[in-house]
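Dear colleague,

I am handing over the structure below, together with some notes on what was found in it. Please read the notes with the structure open beside them.

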Amino acid sequence: MWEKKKRCTAIVLAAGSGSRMHSGVAKQYMLLGGKPLIWYALRAVEQSAVIDDCILTASASDLDYMRKEIVEKYGFHKVVSIVPGGAERYLSVACALRVVAEGAMPIPNRDGYLFIHDGARPFLTEKILQDTYKAVKKYHACVAAMPSKDTVKISDEEGFARDTPARRLVWTIQTPQVFDTQLIVNAYRQLEENKDRLEKEGIFVTDDASVAELFTDRKVKLVEGSYENIKVTTPEDMKIAEALLEGQREKTESSGKLRE
């Protein structure tokens, strides 16, 4: 029997200052291959057959710039709301989720899926979006991730190796992180209500999956993403991104020549 597709909204986070880039320009606006870094994630969302619309977060001082110089200039029509983000990642997500919870979108997403993605990950692909979409329909909560290539050590408070988890069980977490709308909206609502208590207990969330794990009984499914789905955080990351982009161009040009 044909199943009607539920609404899929991307939340793209681009409110960071990018202090580790040591640049006077926020990293989301730094040029990669002649385009602002944020352009790549938004293009993947715009072209995706999975994503219906997008909420974009930006620094409060950048809202007009983001709208005029990114969204309007490049024709990202799926972006239906640009909202000011917070000082921390989870605060930016919370701001976007309030838009969802209040139904402040042209078409509300009350019973669909939310794809939360770091705008500093320029190599989001349609395959990753399709694979996480399939997983969230089945498991209700999933994240893009990759098996760790490295051995990981857990340290004690003094910096000595304490444990070595089996490498086959260690994954590095990426985005998008994808959830049933109400599941993650409710989880973040509880996070805001319990934030002070958690801080006193030394519990800090670093991603959306952590929020879901804390405040719901849903297990978060790990979905294989891509080793190229890197997050650009430092100048070294930008050099890697430039090399990956050049590799993609060479591959595309080579494929075109073969077809000829």
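With which side chain does the side chain of aspartate 208 make a polar contact? The partner is the side chain of tyrosine 188, at 2.6 Å, where a polar contact is a pair of N or O atoms within 3.5 Å and, within protein, one atom must be able to donate a hydrogen and the other to accept it, residues adjacent in sequence counting only if both atoms are side-chain atoms.

Before going further, please note that this is a predicted model, in which local features need pLDDT of at least 70 and side-chain atom pairs count only at pLDDT 80 or more, whereas totals for chains, interfaces and linings use all residues. Residues are numbered from 1 along each chain as its sequence is written, and side-chain values use heavy atoms, with hydrogens and water left out.

To return to aspartate 208, this residue lies in helix α6 (residues 208–215); helices (H or I, at least four residues) and strands (E, at least two) are DSSP runs, numbered from the N terminus. Aspartate 208 counts as buried because its relative accessibility is 0%, buried meaning under 20% relative accessible area, exposed over 50% and partly exposed in between, with a 1.4 Å probe and protein chains only. Leaving aside residues up to four places away in sequence, aspartate 208 touches Arg89, Val93, Ile116, Gln177, Phe179, Ile184 and Tyr188, contact being heavy atoms within 4.5 Å.

The model has an open sheet of 7 strands in the order β5-β4-β1-β6-β10-β7-β11, with mixed pairing; two strands pair if DSSP finds at least two bridges between them. At the edges stand β5 (79–84) and β11 (221–224), each with a single partner strand, so that one side of each is left without a neighbour in the sheet. From one strand to the next, the twist averages 25°. Helix α5 (residues 181–200) packs on the sheet, where it touches β6 and β10 (171–180), and its direction makes about 105° with that of β10; axes here are lines fitted to C-alpha atoms, for helices over the stretch in contact, and angles run from 0 to 180 degrees between N-to-C directions.

Strands β1 and β4 run parallel and are joined by 6 bridges, with cysteine 54 as the bridge partner of alanine 10 and alanine 58 opposite alanine 14. On its other pairing, β4 is joined to β5 by 5 bridges, also in parallel, and leucine 56 stands opposite isoleucine 82. Together, β4, α2 and β5 make a right-handed β-α-β unit, a crossover being right-handed if, with the strands pointing away from the viewer, the path from the first strand over the helix to the second runs clockwise.

The pairing of β1 with β6 is parallel over 6 bridges, and cysteine 8 stands opposite tyrosine 113. Between β6 and β10, by contrast, the pairing is antiparallel over 4 bridges, with tyrosine 113 opposite aspartate 180.

Both β4 and β6 are mostly covered, with 6 of 6 residues buried in β4 and 6 of 6 in β6. From β4, Asp53, Ile55 and Thr57 point one way and Cys54, Leu56 and Ala58 the other; from β6, Tyr113, Phe115 and His117 point one way and Leu114, Ile116 and Asp118 the other.

The nonpolar cores

A nonpolar core is taken as a set of buried Ala, Val, Leu, Ile, Met, Phe, Trp, Tyr and Cys residues joined through side-chain atoms within 4.5 Å. The largest has 46 residues, of which Val12, Leu42, Ile51, Leu56 and Phe115 touch the most other members. Among the elements that give two or more residues to this core are β1 (8–14), α1 (37–47), β4 (53–58) and β6 (113–118), and the largest share, 8 residues, comes from α1. Apart from this core lies another, of 30 residues, including Val83, Ala141, Val143 and Val220.

Helix α1 is itself mostly covered, with 8 of its 11 residues buried, namely Leu37, Ile38, Trp39, Tyr40, Ala41, Leu42, Ala44 and Val45. Isoleucine 51, for its part, touches Cys8, Ala10, Val45, Lys78, Phe115 and Leu129, residues up to four places away in sequence not being counted.

With kind regards
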